[in-house]
Amino acid sequence: MPEPQQPEGAIAGTGMGGAMDLAVSEATTLEAGRPDGSGPAGKPRSLWSDAWRDLRRNPVFIISGLVILFLVVISLWPSLIASGNPLKCDLAKAQEGSQPGHPFGFDGQGCDVYTRTVYGARTSVTVGVCATLGVALLGSALGGLAGFFGGFWDSLLSRLTDIFFAIPVVLGGLVLLSVVTSSTVWPVIGFMVLLGWPQISRIARGSVITAKQNDYVQAARALGASNSRLLLRHITPNAVAPVIVVATIALGTYISLEATLSYLGVGLKPPTVSWGIDISAASAYIRNAPHMLLWPAGALAITVLAFIMLGDAVRDALDPKLR
Amino acid sequence: MGRYVVRRLLQMIPVFIGSTLLIFLMVNVMGDPIAGLCGDKQCDAATSAQLKKEFGLDKPVWQQYLTYMGHVFTGDFGTAFNGQKVTELMATAFPVTIRLTIVAILFEIVIGITLGVITGLRRGRPVDTSVLLLTLVVISVPTFVTGLLLQLLLGVEWGWIKPSVSTDATFGELIVPGLVLASVSLAYVTRLTRTSIAENRRSDYVRTAVAKGLPRQRVIVRHLLRNSLIPVVTFIGTDIGALMGGAIVTERIFNIHGVGYQLYQGILRQNTQTVVGFVTVLVLVFLVANLLVDLLYAVLDPRIRYA
């Protein structure tokens, strides 16, 4: 009997919290490949246009898409809905509750919670988007190349991802970020890319290995297509779906991870305005002024939820098994 | 079977070396390990040079790593910042965290799988939809927020539990912290079981079992559940390592003096030996848990044989 094949990605443990683990194990059921494309009209459709047709009718996709659009708009132009200055605080008003003009009340330093919550969106979205882009690009490049070429570099990469998986993420964050004094978002993003890429690389590798065994790839190779042409024209479009799904869900977990790191005191630092900083600052006053914690935490939860649901919807649309 | 285990154990060696080396390098980047030894003051140059020589810190990193690992394999994990042996810290910290992890895993198994089976069998019904929504909410709220809120509500407002855990950290005190630690994974176990049950429900063997007149209970437990549990077992197995590493946050909220607490102290005080020592053990736990999961496959699915 052959040795059992570990389902690719199923052993993805300790990654960026559980969210990605599940995303991985569910996303691996995605078949990377075009369905036969015989729609009701008999006209062949690609996987993508098929998926888009499904998505447009999916209320979950529409709602989460609108939430994300709203978040992106207010991160670009926060002054659209918040006229105040997030760094302008009045200690005399510290911990006070809701007042006219200040619907969410004031935090421990007397800053307006509403303004800070609106301005915090930018930091969280920046961290999420940049970390995800970095992880997705690095991970899929390394994983894809390893899966395509196989051999020594492939085994080396697989062992390397095993090594990274064995290190608990929060712990790695504490160790690496405890020396950082910069108050920008870049050290946090860099850390997330450093510890996050193996997750995507494992998915990309499996997905490329599936795609490269397809007949059309063999045919293109037989016709003399170069490796780069095979990779770019034939394999990537058919292997990228699981990566997109996992990356979308991961984006939510990175935002949540930023908050956790800030709570542990090694994430972002003031004067950066972020939900994580505000939540951890508010945790000291939770008994007297829970509103300080609830608003930024609620905003964070809605954001994470929107990305997870978007990822779910995209996965359902791209999974031919469910059709 | 035996040969498979041996091969897997051999494969664990490079991963173990790699992970510990990685964390060793990270801790070395972390800062000057002797900075914390002279109290709050800066050590003067002569003392620091002498201390560096005493601890072997003047040697290259790879040599330090080899020396350290040599000590570890003789059971010597070095000393912590307060002069206590790291092994002594481990002896007090690990039992606490292991108890916490056991509580968390029990929550995942009992509540997670039960909810997963219920929702998987009633896909699309109100129960299913509400549980699914609940799991999404649990996943999207960061663990530390869940923990703080539960601590406020149960511990302070309603007084059902003590807000912080005593140094004994008995199982009873760890129920709520364990639930908090498990919360996100619990939601995943529910969703994973649900997907798996719903998928297998339509399979031929379930139809056969129903057709030959087996009672519903037996069909679900012996046929459906056993086949659906494989991905769930994988998840829970890999989660053991993640839970013990992720306990830092939960232990901080409820003031539990476990592995997370010691690690946090070690990092704050830049004590290399505490951090590397604890992480080394955590990595070992993770690797062994993964191996056990692979062996459990054969129990759940007799089609899998280990050559």
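This is a predicted model: local features need pLDDT of at least 70, side-chain atom pairs count only at pLDDT 80 or more; totals for chains, interfaces and linings use all residues.
Is Asn255(B) buried, partly exposed or exposed?

Asn255(B) counts as partly exposed, because it has 15 C-beta neighbours inside 10 Å; buried would take 20 or more, and exposed 12 or fewer. Where does Asn255(B) sit? Find the loop between helix 9 and helix 10 of chain B, with helix 10 covering 259–268, and you have the place. I picked this residue for its backbone: Asn255(B) is not a glycine, and yet its phi is positive, at about 55 degrees.

Let's step back and look at chain B as a whole. Of its 307 residues, 40% count as buried. If you take the contacts in chain B between residues at least 6 apart in sequence, 74% of them join residues at least 24 apart.

There is also something from the records here. An unreviewed UniProt entry annotates "transmembrane region" on chain B at residues 12–31, 98–119, 131–154, 174–193, 228–254 and 274–300. I checked two of these spans in the model. Residues 98–119 of chain B are 100% helix and 0% strand, with the end C-alpha atoms 30 Å apart. Residues 274–300 of chain B are also 100% helix and 0% strand, and there the end C-alpha atoms lie 39 Å apart.

Now for some packing, still in chain B. Take helix 6, residues 143–157, and helix 7, residues 175–200: their axes come within 9 Å and cross at roughly 150 degrees. That angle makes helix 6 of chain B roughly antiparallel to helix 7 of chain B, since anything over 145 degrees falls in that class. The crossing of these two helices of chain B is right-handed. Who makes the contact? From helix 6 of chain B we have Thr143(B), Thr146(B), Gly147(B), Leu150(B) and Leu154(B), and from helix 7 of chain B we have Val176(B), Val180(B), Ser183(B) and Val184(B). Sorted by class, that contact of helix 6 with helix 7 in chain B has five nonpolar residues, four polar and no charged.

Further along chain B, look at helix 8, residues 204–211, against helix 9, residues 216–253. Their axes are 10 Å apart and the packing angle is about 155 degrees. So helix 8 of chain B is roughly antiparallel to helix 9 of chain B, and helix 8 passes helix 9 in a right-handed crossing. On the helix 8 side of chain B the contact uses Tyr205(B), Val206(B), Ala209(B) and Val210(B), and on the helix 9 side Val219(B), His223(B) and Leu224(B). That contact of helix 8 with helix 9 in chain B comes out as six nonpolar, one polar and no charged.

Over to chain A. Chain A has 11 helices and zero strands. Of the 323 residues in chain A, 50% count as buried. Among its contacts between residues at least 6 apart in sequence, 73% join residues at least 24 apart. UniProt, again in an unreviewed entry, places "domain: ABC transmembrane type-1" at residues 121–311 of chain A. In the model that span of chain A is 81% helix and 0% strand, and its end C-alpha atoms are 20 Å apart.

One helix pair from chain A, too. Helix 5, residues 151–165, and helix 7, residues 186–212, pack at about 130 degrees with axes 9 Å apart. These two helices of chain A are therefore oblique to each other, and their crossing is left-handed. Leu157(A), Thr161(A), Phe164(A) and Phe165(A) of helix 5 meet Leu195(A), Pro198(A), Ser201(A) and Arg202(A) of helix 7. The tally for helix 5 with helix 7 in chain A is five nonpolar, two polar and one charged.

My last stop is Arg122(A), in helix 4 of chain A, residues 113–149. Why does Arg122(A) count as buried? Because it has 21 C-beta neighbours inside 10 Å. Leaving out residues up to four places away in sequence, Arg122(A) touches Ser75(A) and Pro78(A). Trp77(A) is 45 residues from Arg122(A) in sequence, with 8.9 Å between their C-alpha atoms.

How values were computed. Residues are numbered from 1 along each chain as its sequence is written. Chains are lettered from A and ligands numbered from 1 in the order in which they are written. Axes are lines fitted to C-alpha atoms, for helices over the stretch in contact, and angles run from 0 to 180 degrees between N-to-C directions. Helices (H or I, at least four residues) and strands (E, at least two) are DSSP runs, numbered from the N terminus. Angles under 35 degrees count as roughly parallel, over 145 as roughly antiparallel, 65 to 115 as roughly perpendicular and the rest as oblique. A crossing is left-handed if the near helix is turned anticlockwise from the far one by less than a right angle, and right-handed if clockwise. Two residues are in contact if their C-beta atoms, placed from the backbone, lie within 7 Å. Ala, Val, Leu, Ile, Met, Phe, Trp, Tyr, Cys and Pro count as nonpolar, Asp, Glu, Lys and Arg as charged, and the others, Gly among them, as polar. UniProt positions are given in the numbering used here, feature names are shortened, and annotations may be inferred rather than shown by experiment.
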